[in-house]
Amino acid sequence: RSPSRGLGDVYKRQVVGWGGKEASQSGILLNIVGDVEGVYFDVIINRRKHGQAMSGQAVFIPLSPYETYDIQLKDRGVEFIAFDDKPRQVTLYPGNVEVFEWSAENLKVVVGRLVRRVPGCKAEEVSDDGIGFASDLEKKCWVPMINARLEGAHGWATTDADGFFQAEVKAKTNQLVAKRKDYSCAIDLSLIHISEPTRRTP
């Protein structure tokens with residue numbers, strides 16, 4: 001690795017990044033991998049915006065040597081994406097090019113309602129299809145799963161006082177587990193039709 005290459009081609013760990021025209025003695029090479037491509041992220045350095053990076057394409061950002069930097073990616077709030085947004089720290093020296101790699105994954109949104117059968121409920125009190133929420137709830141045979149934590153979701157997700165929930169899940173997630181201290185159940189996402197949102201509402 002030669003400092004004279006500066007903002008030309010930077011080769012490290014088989015990653016190629018393109019920079020500007022000016023020469024630089026040090027910098028960082030950002031690479032965003034995963035199942036999302038063509039999505040832009042803002043690059044935040046020491047809490048200030050310092051350019052942008054696009055998934056699927058490495059980018060080189062020149063920085064002064066003998067300085068310590070906090071590097072962070074921030075999505076623009078329009079895509080449903082899971083990635084590590086925690087700051088990463090690096091100290092640069094002359095001729096030093098550090099590679100940072102982020103993994104970004106598409107998210108899906110699951111919306112539903114969870115109910116559970118009351119223990120001891122008589123079979124004849126349950127409708128034939130077993131999921132007729134309105135009639136079953138009226139018969140007191142099925143009750144909402146209240147305040148159940150959904151494990152397997154991206155971020156925090158729980159059911160509300162009526163058993164309804166909304167959860168973001170990674171595209172490869174095939175099961176959620178709803179848990180309370182007194183009971184739990186598994187949700188097989190392969191049996192559910194899940195829409196694939198591509199953009200958030202501004």
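I looked up Ile-45 and, leaving aside its neighbours within four places in sequence, found it in contact (heavy atoms within 4.5 Å) with Ile-28, His-50, Ile-61, Leu-63, Tyr-69, Asp-70 and Ile-71. The model is predicted: local features need pLDDT of at least 70, side-chain atom pairs count only at pLDDT 80 or more, and totals for chains, interfaces and linings use all residues. Residues are numbered from 1 along each chain as its sequence is written, and side-chain values use heavy atoms, with hydrogens and water left out.

Of its 22 residues, Ile-28, Leu-30, Phe-41, Ile-45 and Ile-71 touch the most other members. Apart from this core I noted another, of 15 residues, including Val-110 and Val-169.

I then counted six salt bridges, each a side-chain nitrogen of Lys or Arg within 4 Å of a carboxyl oxygen of Asp or Glu. In one of them, Asp-42 pairs with Arg-76, the closest N and O atoms being 3.0 Å apart. Asp-42 counts as buried at 14% relative accessibility, whereas Arg-76 is partly exposed at 39%. I found Lys-49 linked with Asp-42 and Arg-76 in a network of salt bridges.

I also recorded a salt bridge between Lys-170 and Glu-105, with closest N and O atoms 3.5 Å apart.

Key
A nonpolar core is a set of buried Ala, Val, Leu, Ile, Met, Phe, Trp, Tyr and Cys residues joined through side-chain atoms within 4.5 Å. Buried means under 20% relative accessible area, exposed over 50%, partly exposed in between (1.4 Å probe, protein chains only).
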